[in-house]
Amino acid sequence: MQEIMGYIRRAVTEYGMITDGDTVAVGVSGGKDSVALLAGLAGVRRFIGISFTLKAITLDNQFGGIETDYGPIAALCERLGVEYILKRTDIGRIIFDERNESNPCSLCARMRRGLLHDTAKTNGCNKIALGHHYNDAVETFLMNLFNEGRIGCFSPVTYLSRKDLTMVRPLVFATEREIRNAVNRAGLPVVKSACPVDGCTERQWTKEFLYDMEKNHPGITKRIFGAMRRGQVSGW
């Protein structure tokens with residue numbers, strides 16, 4: 001995890017993501033990215049020279065009406081000394097059973113985002129850390145370009161004035177491969193998503209598109225990321 005913590009420290013420092021006195025809610029889905037972020041931030045607290053509090057928040061969509069077992073995540077939080085907040089929701093039932101959404105990902109993201117914001121505020125947090133990484137940034141840039149015809153991406157730091165919350169993404173310099181390798185080497189627990197459309201999304205198509213492009217044009221992902229930074233796209 002040392003390499004991941006280095007990336008987190010760089011992002012936090014370069015973009016001023018966290019300051020003294022912050023209470024940061026880490027959105028923990030149970031996937032490798034959010035677990036790496038949680039462990040990385042807990043480790044960074046020891047040497048970064050910033051005094052901040054961490055809390056982990058998991059939202060269980062309860063797909064098919066079944067509660068997901070997040071026991072391994074709770075155990076990890078206990079080991080890291082991080083308060084763990086697990087909120088069971090009806091999001092899975094609403095999207096797939098009641099509304100039978102043809103585009104479930106969009107509605108699910110909006111509902112989860114709003115609930116995460118509210119849960120963070122209720123638990124005294126002023127910032128939310130999300131596990132979006134280097135590859136996510138490039139994929140989002142391409143999805144906006146291909147699907148909406150616009151130049152844009154999520155920002156490393158976003159202030160939500162209506163909620164008085166700041167969203168930060170401390171993994172933006174870490175690649176997905178590096179995160180996967182770090183999680184495996186550290187033996188961190190991963191809880192697989194029970195979503196019925198997992199792996200069948202627009203993002204998955206974009207991920208595979210970039211993978212194919214890398215075969216024919218090695219380094220293209222790095223060049224796109226560099227162009228986003230040089231062009232200061234969406235605060236990069």
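**A tour of the salt bridges**

Begin by selecting Glu-83 and Lys-55, whose side chains meet in a salt bridge at 3.6 Å, N to O (a salt bridge being a side-chain nitrogen of Lys or Arg within 4 Å of a carboxyl oxygen of Asp or Glu). Glu-83 belongs to strand β3 (residues 83-88) and Lys-55 to strand β2 (residues 53-60), so the contact ties together parts 28 residues apart in sequence. Helices (H or I, at least four residues) and strands (E, at least two) are DSSP runs, numbered from the N terminus. Glu-83 is partly exposed at 41% relative accessible area, whereas Lys-55 is buried at 15%. Here buried means under 20% relative accessible area, exposed over 50%, and partly exposed in between (1.4 Å probe, protein chains only).

The model is predicted: local features need pLDDT of at least 70, side-chain atom pairs count only at pLDDT 80 or more, and totals for chains, interfaces and linings use all residues. Residues are numbered from 1 along each chain as its sequence is written, and side-chain values use heavy atoms, with hydrogens and water left out.

Next, select Lys-127 and Asp-22, which form a salt bridge at 2.7 Å, N to O. Lys-127 sits in strand β4 (residues 127-129) and Asp-22 in the loop between α1 (2-15) and β1 (23-27), 105 residues apart. Lys-127 is buried at 9%, and Asp-22 is buried at 5%.

Then move to Glu-176 and Lys-207, a salt bridge at 3.1 Å, N to O. This pair links helix α7 (residues 176-186) with helix α8 (residues 202-216).
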